[in-house]
Amino acid sequence: MDSILFLIFALIAVAGAINVVVQSHPISSAISLVGVMGSLAVLYLLLGAEFVAAAQVIVYAGAVMVLFIFVIMLLNAGGEVKRGRSYMAQLLGVPMLMGLLLLLAFFVERVHTPDVPVQFGAFRGGTAQDVGRALFTTYLLPFEVTSVLILIAIIGAIVLARKEMD
């Protein structure tokens with residue numbers, strides 16, 4: 001049953017990620033990204049990391065996506081204008097994508113082959129204590145830098161929106 005649920009939610013995550021890139025309207029892309037974050041939370045639940053799954057929903061699908069949608073609406077971003085595709089991109093796009101996927105599959109199979117298969121629910125590192133200890137010791141600097149970058153992005157969006165109004 002766990003394998004079937006994994007496949008269903010992995011397919012939802014991949015389809016949502018493809019939809020994020022394919023959509024021409026930014027709000028539709030952001031909504032698709034919420035679907036990806038939700039399906040990732042279910043995948044974390046299947047692995048037994050309940051706290052990480054809850055943080056995924058609260059932080060990413062909740063707060064970060066609200067911030068993204070706020071910035072998109074602040075910028076008054078409309079739909080993307082479709083332009084003609086280049087002949088070279090049409091000719092080489094799919095073969096180069098297949099080559100990249102084959103190369104990635106080769107390296108994943110070659111370098112990262114686990115000796116034991118994944119046991120659903122066997123992961124015991126996703127508790128609040130483990131995440132908090134890692135976040136505020138090992139990853140404190142990247143955490144703070146990310147906070148500052150998000151603040152800079154919000155200020156930049158406000159400056160851009162103000163220039164368009166003038």
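**Helix packing and aromatic pairs in the predicted model**

At a relative accessibility of 13%, Ser-29 counts as buried, where buried means under 20% relative accessible area, exposed over 50% and partly exposed in between (1.4 Å probe, protein chains only). Ser-29 is found in helix α2, which covers residues 26–47; helices (H or I, at least four residues) and strands (E, at least two) are DSSP runs, numbered from the N terminus. When neighbours within four places in sequence are left aside, Ser-29 is in contact with Asn-19, Val-20 and Gln-23, contact meaning heavy atoms within 4.5 Å.

The structure is a predicted model, in which local features need pLDDT of at least 70 and side-chain atom pairs count only at pLDDT 80 or more, while totals for chains, interfaces and linings use all residues. Residues are numbered from 1 along each chain as its sequence is written, and side-chain values use heavy atoms, with hydrogens and water left out. The mean pLDDT of the protein is 83, and 90% of its residues reach 70 or more, pLDDT being the predictor's confidence in each residue, from 0 to 100.

Helix α2 packs with helix α3 (residues 50–75) at an angle of about 175°, with the axes 8 Å apart; axes are lines fitted to C-alpha atoms, for helices over the stretch in contact, and angles run from 0 to 180 degrees between N-to-C directions. The two helices are therefore roughly antiparallel, given that angles over 145 degrees count as roughly antiparallel, those under 35 as roughly parallel, 65 to 115 as roughly perpendicular and the rest as oblique. Residues of α2 that make the contact include Ile-27, Ala-30, Met-37, Leu-40, Ala-41 and Tyr-44, and those of α3 include Ala-53, Gln-56, Val-57, Ala-61 and Ile-69. By class, the contact of α2 with α3 has 20 nonpolar, one polar and one charged residues, where Ala, Val, Leu, Ile, Met, Phe, Trp, Tyr, Cys and Pro count as nonpolar, Asp, Glu, Lys and Arg as charged, and the others, Gly among them, as polar.

Gln-56, in helix α3, is buried at a relative accessible area of 6% and, not counting residues up to four places away in sequence, touches Met-37, Leu-40, Ala-41, Tyr-44 and Ala-61. Ala-41, in helix α2, is buried at 4% relative accessibility, and beyond its neighbours within four places in sequence is in contact with Ala-53, Gln-56 and Val-57. Ile-69, which lies in helix α3, is partly exposed, with a relative accessible area of 24%, and with the same exclusion of neighbours within four places is in contact with Ile-27 and Ala-30.

The structure also holds two aromatic pairs; rings of Phe, Tyr and Trp (its six-membered ring) pair if their centres lie within 6.5 Å, with planes under 30 degrees apart counted as stacked, over 60 as edge-to-face and the rest as tilted. Phe-106 and Phe-107 form an edge-to-face pair, at 5.4 Å centre to centre and 65° between the planes. Phe-106 is partly exposed, with a relative accessible area of 44%, and Phe-107 is partly exposed, with a relative accessible area of 44%. The rings of Phe-136 and Phe-143 have their centres 5.9 Å apart and their planes at 80°, so this pair is edge-to-face; Phe-143 is partly exposed, with a relative accessible area of 33%.
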